[in-house]
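Okay everyone, let's get going.

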Amino acid sequence: MELSEYFSQLFSDYTLRTITMGTAILGAICGMLGSFAVLRKQSLLGDAISHAALPGIAIAFLITGTKDTNVLLLGALVSGLIGTFWIRGMVTKTHLKSDTALGLVLSLFFGFGMLLLTFIQKQPNANQAGLDKYLFGQAATLVEKDVTLMAVVTGICLIIMLLFWKEFKILLFDADYTKTLGFNTRFIDILITFFIVLAIVLGLQTVGVVLMSAMLLAPAAAARQWTNKLSVMIVLAAIFGAFSGVFGTAISASQNNLSTGPVIVLVASVFVLFSFIFSPGRGVLFKQLRKYQNRRDLELQKTLQFMFDIAKTHERISHPHAIKILNNFQGYTKSTLKELEEKEWVKVKGQSWSLTEKGYDAAANLYNNN
Amino acid sequence: MSHSKIAIRVDDLTVAYSYKPVLWDIDLEVPEGVLMAIVGPNGAGKSTLIKSILGIIDPIAGSVSIYGKPYDKQRKLVAYVPQKGSVDWDFPTTALDVVTMGTYGKLGWIKRPGGKEKRAALEALEKVGMLPFKGRQISQLSGGQQQRVFLARALVQDAAIYFMDEPFQGVDATTEIAIINILKELRKAGKTVVVVHHDLQTVPEYFDWVTFLNVKKIATGPVKDIFNDDNLTKTYGINYKVAVNQ
């Protein structure tokens with residue numbers, strides 16, 4: 001299927017539409033909540049939580065014997081939450097740093113989950129296959145009720161966020177201060193963390209345990225580049241996330257057999273790369289251009305200053321001087337002289353130059369304006 | 001000097017992060033209306049003391065009261081200026097927005113700041129000379145300007161007692177003078193101000209009350225009575241000589 005064919009079928013093909021809706025909603029909620037994780041410097045938390053969810057999926061299957069998504073995701077939610085509270089406990093109760101706690105929980109839970117998966121695969125009944133789709137996700141298995149669940153959770157999350165906007169913002173910026181104002185920071189913290197866990201669990205079916213954290217971080221990291229306003233950042237992150245979902249699904253549907261989860265993550269990474277390079281305020285490209293421009297301006301000003309110091313010693317500003325003199329000056333190049341001439345600060349005649357009235361004034365006022 | 005009311009009272013406060021206590025059995029009374037410096041060497045527990053009073057850190061033992069009542073009931077009387085380095089200044093927000101956060105405590109849960117809060121924030125920004133920078137992204141402010149934004153955020157709380165954790169750290173002379181003038185204005189208005197302070201030379205000039213701290217409380221009282229070589233030596237453990245000419 002061609003990419004254009006995908007978009008024309010989007011409105012007629014029910015399955016395709018369901019999957020696209022699902023990945024778009026997932027991208028949006030992950031972008032929103034990922035912004036919180038990024039700003040709290042908890043980027044790795046998402047990775048730990050998603051890995052911690054794996055044993056929950058396996059245990060839910062072992063207990064119930066069904067492969068119903070909601071049951072398995074409930075298991076994932078429980079074990080994801082247990083993992084999260086272990087991490088919090090380790091950080092507050094011991095002197096371990098949070099990256100150590102995250103790493104420990106991540107590998108411990110993931111290892112245990114993999115162990116359970118291999119154990120399940122060795123079981124003699126025929127129903128066991130397919131749990132490993134939660135490792136890398138399989139968007140094709142999304143059905144309408146999955147998407148409805150995602151939409152409901154996203155809606156609730158949005159309402160909570162709008163309701164507690166002020167509390168979320170101040171906690172993200174300055175937690176200690178928030179506490180002194182009388183807010184229950186534990187409650188706000190748990191609320192944010194709970195929704196992050198929820199978003200991750202929702203994404204496991206589509207993107208999978210291993211790549212889930214990229215869904216949280218990539219849209220948020222990209223959005224941060226474009227704005228200095230929290231609300232705009234969150235909206236942008238949601239949009240980037242949703243577009244990653246839609247484009248990722250489109251590409252994987254049009255190129256047969258490409259796994260959707262990894263493609264979505266790659267599309268999100270393209271957003272990040274593009275933002276890192278091209279965003280006007282923080283992007284590498286414009287930063288470099290500004291630096292280059294500033295350096296050129298400074299060289300120009302220094303040359304002008306040098307000329308000014310020479311011209312100053314003569315009665316007439318327009319007194320001509322040999323260009324040769326300028327060779328002694330480090331910042332001088334032929335192009336600077338040309339640029340100065342274009343600005344009408346300097347007149348060049350044959351092998352000599354002279355300052356203009358305008359150039360003289362500009363030089364005299366160079367560093368007086370601050 | 002007659003100080004009738006006790007603004008802050010600390011009884012038997014002990015704090016420990018691990019085995020070693022950071023604060024040991026602190027008793028402290030701060031009279032209303034003083035400008036008090038807390039001085040002591042690094043690791044003396046100066047920041048910990050104000051964080052414990054503010055309920056950010058849970059003490060192992062002891063109690064704190066603000067105007068005779070537990071801190072929980074008196075939060076609205078207290079404002080706090082944390083150390084500048086305690087937050088991420090690259091956070092996507094503006095100077096005005098940060099100062100507005102000072103109104104959140106009185107607003108309480110869920111209610112959003114409105115026109116009244118915004119006006120109060122602008123007024124506070126003006127007091128610290130930062131009004132022209134209200135829309136500036138906070139990472140684009142200098143260290144001194146960031147400190148003034150933090151001060152404005154506390155001013156907007158319109159409290160009776162102000163706690164400040166090293167407000168003079170890493171700021172230039174202009175900002176230092178601007179800050180100390182505001183502190184003196186607060187005192188004139190009858191407020192109590194407690195400042196963790198590092199520069200011993202300026203204590204007699206800036207403050208009228210001082211607490212010497214080194215895990216234990218060494219001394220507390222009026223600067224003119226107790227700011228002497230004897231207490232400095234006891235606190236810093238070396239023979240300290242400071243010209244005290246007040």
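Let's start with Trp109(B): at 35% relative accessibility, this residue is partly exposed, meaning between the cut-offs for buried (under 20% relative accessible area) and exposed (over 50%), with a 1.4 Å probe and protein chains only. Before I go on: this is a predicted model, where local features need pLDDT of at least 70, side-chain atom pairs count only at pLDDT 80 or more, and totals for chains, interfaces and linings use all residues. Residues are numbered from 1 along each chain as its sequence is written, chains are lettered from A and ligands numbered from 1 in the order written, and side-chain values use heavy atoms, leaving out hydrogens and water.

So what does Phe240(A) pair with? With Phe271(A), in a stacked pair, 5.0 Å centre to centre and 25° between the planes. Rings of Phe, Tyr and Trp (its six-membered ring) pair if their centres lie within 6.5 Å; planes under 30 degrees apart are stacked, over 60 edge-to-face, the rest tilted. Phe240(A) is in helix α13 and Phe271(A) in helix α14, so the pair ties together parts 31 residues apart in sequence. Helices here are DSSP runs (H or I, at least four residues), numbered from the N terminus. Phe240(A) is buried, at 12% relative accessibility.

Over all chains, there are 19 aromatic pairs. Back to Trp109(B): ring pairs link this residue with Phe36(A), Phe164(A), Phe168(A), Phe183(A) and Phe187(A) into a cluster. Phe187(A) is partly exposed too, at 37%.

Last bit, charges over rings: NZ of Lys or CZ of Arg has to be within 6 Å of the ring centre and within 35 degrees of the ring normal. Lys166(A) has its charged end over the ring of Tyr104(B), 5.6 Å from the centre.

Note on methods: Helices (H or I, at least four residues) and strands (E, at least two) are DSSP runs, numbered from the N terminus.
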